[in-house]
Amino acid sequence: MNQKAQVQNYFPGACATDIGVGDRGLPWVLGCGPPVGKGDYYIFSWNGSKWDMIPGVAVRIAVEPDGTPWIVNGGNQIYKGNADGDWQQVPGCAKDIAVGQDSAVWILGCKSTGTDGLEVYARSGSAWNLVSGAATKIAVTPDGTPWIINAQGQIYKRSANSWRQIPGCAKDIGVGENDSAWILGCTSAGAGGFEIQSWDGSKWQTIPGSATGIAVEADGTAWVINVEGKTFRL
C-alpha cells in the first residue's frame with residue numbers, strides 16, 4: 001500500500017453521509033438528506049460514470065467484496081439487497097453493520113452494554129451469535145475478521161475468539177485484506193473532519209486530508225467522505 005496516498009478520484013453528484021464499497025471499486029453511499037422516515041437517507045450506487053438512486057432508505061450501509069449491499073434502516077431493521085434495489089429483510093436488530101465475502105456479516109445490536117458501546121453479533125446460518133465485547137463502529141476484512149472501535153475510541157481486532165487491542169484512537173474504521181486497516185483518528189483535522197490514518201503493521205501513518213466517514217476495498221484501497229459530503233478514493 002502506498003502510505004503517501006494521494007487523492008486519485010473525486011466522485012461528484014451525490015452528497016454522502018455513509019459509504020460502503022466492494023472490490024470492484026463501485027461505491028454505495030447514503031445521501032445527505034433531508035432525512036426521511038426515522039432519520040433514513042436515500043441510497044445511491046456508482047455505475048462507473050454517475051450515481052444511480054436505488055429504491056430504499058437507510059442509516060448505515062456496508063458492501064460485500066462482490067458488490068452485494070447490506071443496510072440498516074432507521075427502525076434498526078437489516079436488509080440484504082442487490083443493484084436493482086431489491087431488498088430482502090434479515091431478522092435482527094442493528095445499529096451498525098459490516099460484511100465480508102460469502103455474507104460474513106457482523107452487526108452492532110440495539111442493546112447497550114454500558115459505557116463501552118453496543119453488543120456485537122456474528123451471523124451464523126440464519127441466527128445471530130452474541131460475541132463478547134462492545135463497540136460503536138465495526139468493520140470486517142474480506143475473510144470475515146472483525147475490527148471494532150468502542151466508545152472510548154479504542155481499537156480491537158478479533159483473533160482466536162478474543163479481542164486484541166491495536167494501539168491508537170479512532171472515530172471510524174475500514175479494513176481490507178492482509179490487515180490493510182484505515183481509521184479516522186480522534187484528532188480534528190479541518191472544520192469538522194478527522195485525521196486519516198493507515199496501519200503499517202505496527203503503527204498508524206497519517207495521510208494528508210480529513211474526513212468524516214471511511215470504507216475500504218478488499219485490496220486495501222480507502223474511500224472517504226469529507227465534511228462537505230464529497231466522496232473520494234485515496
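Predicted model: local features only at pLDDT ≥ 70, side-chain atom pairs only at ≥ 80, totals over all residues.
The largest nonpolar core holds 13 residues. Those with the most contacts inside this core are Trp106, Leu108, Val120, Val131, Ile138, Ile148 and Trp163. The largest share, 3 residues, comes from β12. The surroundings of Ile138 show how this part is built. Leaving aside residues up to four places away in sequence, Ile138 touches Asp96, Ile97, Ala98, Trp106, Leu108, Val120, Pro146, Trp147, Ile148 and Ile173.

Thr231 counts as buried because its relative accessibility is 0%. With residues up to four places away in sequence again set aside, its contacts are Asn9, Tyr10, Phe11, Ala16, Ile19, Val29, Trp51, Trp223, Val224 and Ile225.

The largest cavity contains about 310 Å³ of space. It is lined by 31 residues, and Ala62, Val63, Ala139, Ala215 and Val216 are the closest to its centre. Six strands each supply at least two residues of this lining: β2 (16-21), β6 (60-63), β10 (94-99), β14, β18 (170-175) and β22 (213-216). By type, the cavity lining divides into 19 nonpolar, 5 polar and 7 charged residues.

The largest pocket has a volume of about 150 Å³. Its lining consists of 13 residues. Nearest the pocket centre lie Arg24, Leu26, Trp28, Trp46 and Ala83. Strands β3 (27-31), β4 (41-46) and β5 (51-58) each supply at least two lining residues. The pocket lining comprises 7 nonpolar, 3 polar and 3 charged residues.

The structure holds 5 aromatic pairs. In one of them, the rings of Phe11 and Trp223 have centres 4.8 Å apart and planes at 40°, so the pair is tilted. Phe11 lies in strand β1 (residues 9-11) and Trp223 in strand β23 (residues 222-225), so this pair ties together parts that are 212 residues apart in sequence. Both Phe11 and Trp223 are buried. Trp199 and Trp204 form a tilted pair as well, with 4.9 Å from centre to centre and 55° between the planes. Trp199 and Trp204 are both buried. Ring pairs also link Phe11, Trp46, Trp51 and Trp223 into a cluster. Trp46 is also among the residues nearest the centre of the largest pocket, while Phe11, Trp51 and Trp223 are among the contacts of Thr231.

Most residues other than glycine have a negative phi, and most peptide bonds are trans. A cis peptide bond joins Gly33 and Pro34, with omega at about 10°. Pro34 sits in the loop between β3 and β4. Asp102 is not a glycine, yet its phi is positive, at about 60°. Ser103 is likewise not a glycine and has a positive phi of about 55°. Asp102 is placed in the loop between β10 and β11, and Ser103 lies in the loop between β10 and β11 too. Asp102 is exposed, with a relative accessible area of 74%. Ser103 is partly exposed, at 27%.

Definitions and conventions:
Residues numbered from 1 in each chain as written. Heavy atoms only, no water. Core = buried A, V, L, I, M, F, W, Y, C linked by side-chain atoms within 4.5 Å. Buried < 20%, exposed > 50% of the residue type's maximum accessible area, 1.4 Å probe, protein only. Helix = DSSP H or I, 4+ residues; strand = E, 2+ residues; numbered from the N terminus. Contact = heavy atoms within 4.5 Å. 1 Å grid on protein atoms, 1.4 Å probe; cavity = no way out; pocket = protein on both sides within 12 Å on 5 of 7 lines; lining within 4 Å. Points joined across faces, edges and corners; volume = space filled by probe spheres on them. Nonpolar A, V, L, I, M, F, W, Y, C, P; charged D, E, K, R; others polar. Phe/Tyr/Trp six-rings, centres within 6.5 Å; stacked < 30°, edge-to-face > 60°.
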